[in-house]
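The following note sets out several points on the model shown below. Each point may be checked against the coordinates.

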Amino acid sequence: MLNDCDTRRLAQIALVVLLIVGSIAVLLPFVGALLFALVIWVCTWDIYRERVLPRLGGRDALGASLMVVLLVLILLVPTVFLAGALASGADRVIDLVKPYFDQGLPAEPPGWIAAIPLFGQQLVDFWHEVASSREALNTLLAQGVAPARQFLLAAGGVAANGLLQLALVLFVVFFLYRDGEVVAAALYGGARKLGGELGEGLVDKARGTVLGVMLGIVGTAAAQSSVAMIGFFIAGAPAPVLLAFATFFLSMIPVGPPLIWGGAALWLYGQGELGWAIFLALYGLLIISSIDNVVKPILMARGAGLSVLIVALGVFGGVLVFGFIGIFLGPVLLALGHMLLIRWLREESPT
């Protein structure tokens, strides 16, 4: 039979468990934004503490505000510029396809459609079928309206959610900068209580891994966009600077850059520039994309002090499990697991 002391202890444990579960439930919808804010803070904390804050006389609130404004300029302004350019490009596409809506398709398709390997003749036959019947064209357009509307609604929802997440990230980052010393002390203090010297080592390892992954992502994006801009200028692609901006942002996803240089190559092909289209396709495949496949793992591995295999498995596995934030979480988790394994093997090995 339980005495008063045992009953009180069980009630305390139950209360703690309820508080932990409730806190997790409240924060669960914002985990991605919170983790991304923590990643930004970890990667920029030393620069802020050693270079920015001393010049401001140690005023934490002012320094945090300036850092948030800088992040807004870095993250938001290029995104708005890119969105405006995409809207302008969409207007051009509408102007291009509008005659087909008003007058129907020409009787004969462009010559390059028939030259497409394997599917060229089928596409030509389908073109003739649609061009010869206004009803068939209207049916085809009607079938494309609903998916296009759904895609635009989904894209709008993703954009709105992204802006809300970005606002939350900036809000959290402000307090991380302002109270950075307290947060860092709490992290190291908690790690020291849980694991002693090993706990502090895990925190340092996690920090180094996050810095290495960020170095690999940003460094690869900068390298890819710079090399891509040179190729766009050489091939005569439209708006090469804008395409380079898009390459920088989309390089954070595996299939992002091929969408840009592949689309530019198709545009050149449609303009009758077959040679430049082939050049840009080969340039993108052999040079632009090779940077992502070769340089990124090397930069991440060197920055984090890990093997290329651990970083590659962490990035791809993290993306599959956690989404975009998994780019950072995957390598961190594998790095910590690798550190624990090495520590355990070292302790188990005979002296």
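What volume does the second largest pocket have? The points below begin with that matter.

1. The second largest pocket has a volume of about 590 Å³. A pocket is here an open set of points on a 1 Å grid over the protein atoms alone, where a 1.4 Å probe fits, with protein on both sides within 12 Å along at least five of seven lines. Grid points are joined across faces, edges and corners, and the volume is the space filled by probe spheres set on the points.

2. The model is predicted; local features need pLDDT of at least 70 and side-chain atom pairs count only at pLDDT 80 or more, whereas totals for chains, interfaces and linings use all residues. Residues are numbered from 1 along each chain as its sequence is written, and side-chain values use heavy atoms, with hydrogens and water left out.

3. The protein chain contains 12 helices and zero strands. Helices (H or I, at least four residues) and strands (E, at least two) are DSSP runs, numbered from the N terminus. Of the chain's 351 residues, 29% count as buried, a term for under 20% relative accessible area; exposed means over 50% and partly exposed lies in between (1.4 Å probe, protein chains only).

4. The lining of the second largest pocket comprises 21 residues, and Leu38, Val42, Leu187, Ala206 and Arg207 are those nearest its centre. Elements giving two or more residues to this lining are H2, helix H7 (180–235) and helix H12 (326–348). A lining residue has an atom within 4 Å of a point. By class, the lining holds 18 nonpolar, no polar and three charged residues. In this classification Ala, Val, Leu, Ile, Met, Phe, Trp, Tyr, Cys and Pro are nonpolar, Asp, Glu, Lys and Arg are charged, and the others, Gly among them, are polar.

5. Three salt bridges are present in the structure, each being a side-chain nitrogen of Lys or Arg within 4 Å of a carboxyl oxygen of Asp or Glu. Asp46, Arg49 and Glu50 are linked in a network of such bridges. Between Arg49 and Asp46 the closest N and O atoms are 3.1 Å apart; both residues belong to helix H2 (residues 31–55), three residues apart, about one turn of the helix. The bridge from Arg49 to Glu50 has an N to O distance of 3.9 Å.

6. How exposed are the members of that network? Arg49 is partly exposed because its relative accessibility is 33%, and Asp46 is partly exposed at 25%. Glu50 is exposed, since its relative accessible area is 54%.

7. A salt bridge also joins Asp179 and Arg178 (3.2 Å, N to O). Asp179 is partly exposed, with a relative accessible area of 28%, and Arg178 is partly exposed at 33% relative accessibility.

8. A nonpolar surface patch is formed by Leu274, Ile278, Leu282, Leu285, Leu286 and Ile287, with about 560 Å² of accessible area together. Patches take residues with over 30% relative accessible area and no salt bridge; nonpolar side chains (Val, Leu, Ile, Met, Phe, Trp, Tyr) are joined within 5 Å, and like charges within 9 Å. Areas come from the Shrake-Rupley method with a 1.4 Å probe. Ile287 lies in helix H10 (residues 274–304) and is partly exposed at 35% relative accessibility.

9. Ala221, in helix H7, counts as buried because its relative accessibility is 0%. The C-alpha atoms of Ala221 and Phe248 are 4.8 Å apart, although these residues are 27 apart in sequence.
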